[in-house]
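Please look over the sequence and the model shown here before reading on.

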Amino acid sequence: MGSSFEISSFVPYGLIVESVDEFEDMIKVRVSSEAGKAACPSCGSVSQRVHSRYLRQVADLPCTGRRVALTVIARRFFCGAENCRRRIFAERFDEAVLGMRARRTARLDHIVHHLGLALGGRPAANFAERLMLPVSNDTLLRIVRRRACPMAGPLTVVGIDDWAFRRNHRYGSIVCDLERRRVVALLPDREIATVEAWLAKHPEIKFLSRDRGGGYGEAAAEALPGAIQVADRWHLMENASAAFLDAVRQSMRLIRTTLGVVTINPELLTCAEKLQYEGYLRREETNASILRLAKEGVPIKQIARQLGCSRKLVRHAVRGETGDVFRTRESTLDAHLPFLNAEWENGCRNGAELWRRLKAIGFRGSPRVVGEWAGRRRRAEKSADQQVQKVPSARMIARMMTLARDQLSKADSVTIAAIVAGAPALAEAQKLIERFLAMIRSKIAEDLEPWIAEAKVSLLGSFASGITKDKAAIRAAIVEPWSNGQTEGQVNRLKVLKRQMYGRAKIDLLEARLIGAA
Ligand SMILES: [Zn+2]
């Protein structure tokens, strides 16, 4: 190891040490510039004629556990150029060493900046104090803000989304530059006025990707009428799935019928009875729905489509030709099934006796009907351990119907095939959803208009009218390459940062850290 160690190698490049004063908690170093001359900032001509000297107090990186304070002896020069309006100028140091009016050396500034990015305001200030870095909370924030990367170009494509300050309590908005994959701004809320004011300051925005909530779309329409709004594809696909699930829910009754399974009172009734009683209730209900829709003025064709029954049947019901539109052989017995069942459970297993008891409460059918019922009931009890096949949930059916056929088990394929055959309206809704997703994948919007026309009269009616209201943005979502996917990523980054700040996240610091760390 060489023993000759230049004290000047401690101070930033380009400065030479004039003197050093050591104190218990601090080292004061007097430095001056190495250069004997300086260039005039106005005309660029180099001057060696010193006008005067002055002192600048600058903080530097700590040394041996003590703060280091530099006293920089800076000079003023005469400018010698004849046609220069500036007569005197102060010498400037390399920006990478010491900024023009900086109170800290560039290398200290750099460390402080990263401390601010990593820890945020107060924790960073506390830690800086431990490291003998003389910065306050405010200074940290200022440095983080000042050093935030400046915009690299005009802001053309932005994505906007919301994020939770506190879940279910307070929400803010985040704006991202989708071209450069950077956060541009955090807004303190998601009010239309706030977003509109911010957007109005950026007329250069040409594309705006946003969710389908409506608020952001409204703000953008006001502030940037010329910009193309793009509905977020992810939300769009979510909405489509939700709409289909809704269609399945609407069709559950029909699906249960189709699959020949019932769900009422499983303790009370045996399999065969359940089928009968459910059928009775279902017919009653179908009848009521038909009459309700007819009253609302819905055309017969659409009622048939919506409820999944034949037009003939709807017509019958509308004309009030029959209370029980299906009129089966057991129909006289259906209404009395709970009574019959209760008697059976009480030990009355004789058909004739059952008929007498039924007759006493107003049953007008023949003893034969009751006798047959008792026989079926006996047979059903013998096979009581044969469990009723469980109807899959609406969610499960929706998923199975949207899966590729080869991904389904054989049993599931059979179930789905039965549903498709038994609930044609639902099968149609499924085809419509497939077409919608295909449009998004293929990025071709030609099918949009015909699709809307067809979907409006299907089980997806309300989804279709939502699409109509937001048609331009949805067309853009299909055709344009922009999507809010990366904005969601930025929201996740934001959550991590926010958590690091122990819930004391002030929006300006959060914003500075997000933008600065990009
Ligand atoms: Zn000059």
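Predicted model: local features only at pLDDT ≥ 70, side-chain atom pairs only at ≥ 80, totals over all residues.

Residues are numbered from 1 along each chain as its sequence is written, and side-chain values use heavy atoms, without hydrogens or water.

The protein chain has 22 helices and twelve strands; these are DSSP runs numbered from the N terminus (helices H or I, at least four residues; strands E, at least two). Of its 518 residues, 43% are buried, meaning under 20% relative accessible area, with exposed over 50% and partly exposed in between (1.4 Å probe, protein chains only).

Helix 19 (residues 461-469) has Gly461, Phe463, Ala464 and Ile467 as its buried residues. Viewed down the helix axis, they fall within an arc of 160°, so they line one face; the arc is taken over directions from the axis to the C-beta atoms. Ser462 and Lys469 are exposed on the other side of helix 19.

There are 17 salt bridges, each a side-chain nitrogen of Lys or Arg within 4 Å of a carboxyl oxygen of Asp or Glu. One of them joins Asp470 to Arg210, with the closest N and O atoms 3.0 Å apart. Asp470 lies in the loop between helix 19 and helix 20 and Arg210 in strand 11 (residues 207-210), so the pair ties together parts 260 residues apart in sequence. Asp470 is buried at 16% relative accessible area, and Arg210 is buried at 3%.
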